[in-house]
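Subject: Handover of a structure

Dear colleague,

Please find the structure below, with its sequence.

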Protein chains: 2
Amino acid sequence: MEKVKPRTLSGYMELLPEKQVYFEKMAEKLRETYALYGFTPLDTPLIEASEVLLAKGGGETEKQIYRFTKGDADLSLRFDLTVPLAKYVALNYGQLTFPFRRFQIGKVYRGERAQRGRFREFYQADIDVIGDGTLDIINEAEIPGIIYRTFNELGLRNFVIRINNRKILNGFFEMLGLGDRAGEVMRTIDKLEKIGPDKVLAILTDDVGLTAEQAGDVLLLITCEERGIAPLDALAAYDGRNETFDTGVEELSTVVRYLTAFGVPDTHFKIDLTIARGLDYYTGTVYETTMTDHPEIGSICSGGRYDDLAGYYTDKKLPGVGISIGLTRLFFVLEDQGYLNTELTPSPADVLVLPMTDDLSHAISFATELRAAGVRTQIYSEKKKFKAKMTYADRLHIPYVVFIGEDELAAGKVAVKDMVTGEQISVSPGMAAAAIKAAVEKTERTAPIKEPEKN
Amino acid sequence: MEKVKPRTLSGYMELLPEKQVYFEKMAEKLRETYALYGFTPLDTPLIEASEVLLAKGGGETEKQIYRFTKGDADLSLRFDLTVPLAKYVALNYGQLTFPFRRFQIGKVYRGERAQRGRFREFYQADIDVIGDGTLDIINEAEIPGIIYRTFNELGLRNFVIRINNRKILNGFFEMLGLGDRAGEVMRTIDKLEKIGPDKVLAILTDDVGLTAEQAGDVLLLITCEERGIAPLDALAAYDGRNETFDTGVEELSTVVRYLTAFGVPDTHFKIDLTIARGLDYYTGTVYETTMTDHPEIGSICSGGRYDDLAGYYTDKKLPGVGISIGLTRLFFVLEDQGYLNTELTPSPADVLVLPMTDDLSHAISFATELRAAGVRTQIYSEKKKFKAKMTYADRLHIPYVVFIGEDELAAGKVAVKDMVTGEQISVSPGMAAAAIKAAVEKTERTAPIKEPEKN
C-alpha cells in the first residue's frame, strides 16, 4: 500500500501528550476562574455566513480570513470571538438577561504569515459583560480583579495590569486642539516604550504636524511618573477644561478606588497613560497585562470598554467591557521561557494496576474500586516482561504501581509501589485506595505554571 | 448604518445560555470519566492538508467534506477524530508510549443535507487504545465498563450495551461457504430489527444469492434467543469448525467473563449477534449502545476493535479499540425527549451580591471573599429599581441574593435571601460564605440528565 506522509500544517499547534496536559490544565483554570465571576459558558460555531461575519468589513483582518464556498453558501471561519458574540447577542436579544456575562474559550483562524510563535489556528479565551443601553463603571473596575485571579490560578506571579482610559486621551487631545488627529497621536505615543521620548517627539512634530508646544504637553503628561508625579495628580492639573477628559479621570479614579476590594494588590496594577489599544471601538477603560520579567513578550491579556458591540446587526445600543487571552500564544511563550511547572506530573493515570495472576478478576475489580473512588487508573494487560511493564509506568510518569499476585490475593492485600521513592507496602485494597486518593488530591492542586527561580 | 441580519447557519447548533450549561456539564462528565480510565487528552487541528486527511480516500464521506484552498494550500476540515488520530500516532510514533490511550472531544464537519436533528458541525467524544503490533483482549473487555460508567455519570439509567464480535460472523460465513459475500450478508442482517426475519430471509436468498439452507442457518444462529437459547450456547454448537469463528467466540467469552469485574451489571449488556457495524475496518469486538425506552434513536455510543489504524501513513501495525459518542446529536435527542434534569440549576452564579450603600467597598470585598471560597458570585451594580434587581436574579435562577445595606454594615452582617424558599437571614459574612458554599456543593453533584418518570 502506498503511504501518504503524515504531517500537521505549519502554524497549527499540535502538542505531545505531556504538553497537552499542561494546556488542558490552563484551559480548566480559565474556565473555573471565569465561572467564579458569574460568567456563563457559550459555544458558537466556527463557521459563519461570510456576509454575517464580515458585516463590519474591511481592514487588515479580512485578508487573513479563511473564506470558502460549500454548495451555494459563502462561508468563513471566525477570526475572533467578539464578532460571533455580537451576532449572538443581536440574534437572541429578546431571550437574554442583561447585563449579559459570558465567557468563551475557542479556536479562531487567521491566515498569518508562518513564523515561529505565530499561529493560524489558536485559542482565544474571552469574557465580556454586555449591557442593555447602559453599563455601570463597576464592571470596568471588576475586570482587573478577574485578570489578577486568573493569572494567579495559572501560577504566574510576576505580572502587572496596566490601566488607562481612552476618554482621558481623547479629551486631552481635544483640549490641545488635536481632536481630529487623536488616532495618529495615540498610535505614536503607544510606541513610547519601544522608541523612547525623543523619537516620539520627532514623529509628533514632523509627521503628525503638532507644534512643539502641543507635542511637549502630550509628552509631559504621559511621562509624569518619571518626574515623580503620580498620574492621577498630573491629570488633576487639567481638571474642568474638557468634559470628556473629566469623565475619563472620574472613571479611572473609580476603577482604581475599588481595586483593593476586588483583591488586586498595589504591586500588580499601574496606571499607564500611554496605553491606547489599537482597536477603534474602545471608548473607556483599557487594559494590558505584561510579564514583569518578560516585557518583550507584550500584553498577554488585553481589552477594554466599548459603547457599541453590535451596531452592524442591530439598532439596540449594547455597551460592554471585555478581555481576551490568546491562550495558544501564551502557552507557547510560557513553555518557551521554561515556565511549565515541573512539579505537575503530566501522567495520564495516578495508578497502574499490574495483574500477576491468570484470572484477572481481582485486579480488575480493584481497578473498578479505585475508579469509583475518583482515582485515575490504568490496567496493564499486555503480555510483556515485568521490566517492560515498569518501563511503561516510568515513561508515563505514573506515580503508583499496584501488584496483585497470588500471595497478595491469599492475604487479601495489594502491593503498592511508590514510583518516586521506590518504597513498596502491602495493604488492604480499601487502605490502598484511600492512601492513593489522598496523595493524588494534593498534586491535583498543582498550578500548571511556575516562574523559574532567579539566580 | 445599514444592518446585516444576524443569523446562525442551519445545521449548526448554537444554544441559549441555559441549555449551554447542560451541554458543558455533559462534556465535563465525559472528560472526567475518560480521565478516570487513564486516557490522556489530545487536541488536534480542525484543519488538515487534504492529501493527508483524505489519504484513505473514497466513499460516501468524501462528498460531505468541507474542502477549500487558502493560498497554495489544499485544506479540509476533519470529518471525524479517527483519521487525525491515525495521523498523530503515525507522525509521533517514536515519542509515544504504547498502548497509547487517548481521548478527544472536538468538533467535526460534514456537509449533510440539512434536516431536523442532523448537524453539519458536531462534537464527537472519542476514546481509543492503540497497541504497537499487538493489543490484549482485556482492552476490549474494558470498553463496556467505560460506556456504562459514562452514561451513569451523565444520569442515564435505561440503556443497554450490545456486544458482538466480527470474527464470529466472518468465521460463520466462511463455514457456510459465504466468505466472499460476508459484507453483503452482514449489511442485510444488520437490518433484522428494522425489517424483520422474513424480509431478511428474502433479501439473503433473492438478492445476495444464498441457498435457502444457508440463509436459514444464518437466521437460526442470530435469532437463537427467540427460541430460548443463550447466544454463547448457540455458538458452542459450531465449535471447532472454523479457526476465525473459534477465536471470535473465545474473545467474546473473555469480554463477557470480565464485565462484572469492570462494573457492568447484567441488566446493562447483551450479546447481540446481529450487530456488524458498517465500517470495514472493525475486526473483532463491536459495540452499540441503545436507550431502552427509545430504541428508535439507534446507537448512542458505538465502536469496536480494528487491526490497522494507520496503514495509509505507516508500515507499523497499529491495532486498537475505540468508541465514539456523537455528543451534539445525543444532546439534541435528550433535550428533545425531555431528558434534561430539571433539578440542575442552569444559573451562571450561585450568589448575586446587591450593594445597598453608596460606597461599594464592603459589598465588593464580600464578593471577593465568596469567590476565594469557590462560590460563583456576581455583583449587581446597575442603577435600577430594587424590583428590577430581583427580577434579574430570578430570570437567571441565581439561588441566593445577598444584601449589604447600612444596617448590615453597622452590625457586621450580611442579609442572605434564599430565592427558592424566600427565607432571609442576617449572618456574619464568614457564616454566609460557608453556608452558601455547602449548599452549592450539593447541587454541583446533580447529573445533567434524568429520565422522565413513567406514568
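How far apart do the C-alpha centres of domain 1 of chain A and domain 2 of chain A lie? The two centres are 49 Å apart. Domain 1 of chain A covers 17-336 and domain 2 covers 351-444, the bounds being taken from an automatic or database domain assignment.

Conventions and confidence

This is a predicted model, in which local features need pLDDT of at least 70 and side-chain atom pairs count only at pLDDT 80 or more, whereas totals for chains, interfaces and linings use all residues. Residues are numbered from 1 along each chain as its sequence is written, while chains are lettered from A and ligands numbered from 1 in the order in which they are written. For chain A the mean pLDDT (the predictor's confidence in each residue, from 0 to 100) is 94, and 98% of the residues of chain A reach 70 or more. For the complex, the predictor gives an ipTM of 0.96 and a pTM of 0.96.

The two chains

Chain B is superposed on chain A by a rotation of 180° with 0.0 Å of shift along the axis, at an RMSD of 0.0 Å. This is the relation of a two-fold axis. The superposition is by least squares on the C-alpha atoms of residues with pLDDT of at least 70 in both copies. Which residue of chain B comes closest to the rotation axis? That residue is Phe68(B), whose C-alpha lies at 3.0 Å.

Between the chains, 76 residues of chain B are in contact with 76 residues of chain A; contact requires C-beta atoms, placed from the backbone, to lie within 7 Å. On the side of chain B that touches chain A, helix 1 (residues 17-36) of chain B gives the most, with six residues. Helices (H or I, at least four residues) and strands (E, at least two) are DSSP runs, numbered from the N terminus. By class, this side of chain B has 38 nonpolar, 19 polar and 19 charged residues. Here Ala, Val, Leu, Ile, Met, Phe, Trp, Tyr, Cys and Pro count as nonpolar, Asp, Glu, Lys and Arg as charged, and the others, Gly among them, as polar.

The eight-stranded sheet of chain B

In chain B, eight strands form an open sheet with mixed pairing, in the order 1-5-6-11-10-9-7-8; two strands pair if DSSP finds at least two bridges between them. Its edge strands, each pairing on one side only, are strand 1 (40-41) and strand 8 (269-271) of chain B. Strand 8 of chain B runs parallel to strand 7 (residues 159-165) of chain B, and three bridges join them. Arg162(B) has Lys270(B) in strand 8 as its bridge partner.

Is strand 10 (residues 302-306) of chain B mostly covered or mostly open, and how many of its residues are buried? Strand 10 of chain B is mostly covered, with five of its five residues buried. A residue is buried if 20 or more other C-beta atoms lie within 10 Å of its own, exposed if 12 or fewer, and partly exposed in between, with C-beta atoms placed from the backbone. Strand 10 of chain B is joined to strand 9 (residues 282-291) by three antiparallel bridges, and Tyr287(B) stands opposite Gly303(B). With strand 11 (residues 320-326) of chain B, strand 10 pairs in the antiparallel sense over five bridges; Ser302(B) has Ser324(B) as its bridge partner there.

Strands 14 to 16 of chain B

Strand 15 (residues 414-418) of chain B pairs in the antiparallel sense with strand 14 (residues 400-404) over four bridges. Strand 15 of chain B also pairs with strand 16 (residues 424-427) in the antiparallel sense over four bridges. Strands 15 and 16 of chain B form a hairpin with five residues between them, and Gly422(B) in the turn has a positive phi of about 85°.

Backbone details

The peptide bond from Phe98(A) to Pro99(A) is cis, with omega near -5°, and Pro99(A) lies in the loop between helix 4 (82-92) and strand 5 (100-109) of chain A. In chain B, the bond from Phe98(B) to Pro99(B) is likewise cis, with omega near -5°.

His397(A), a residue other than glycine, has a positive phi near 60°. His397(A) lies in the loop between helix 14 (386-395) and strand 14 (400-404) of chain A, and counts as partly exposed because it has 15 C-beta neighbours inside 10 Å.

Notes:
Contact = placed C-beta atoms within 7 Å.
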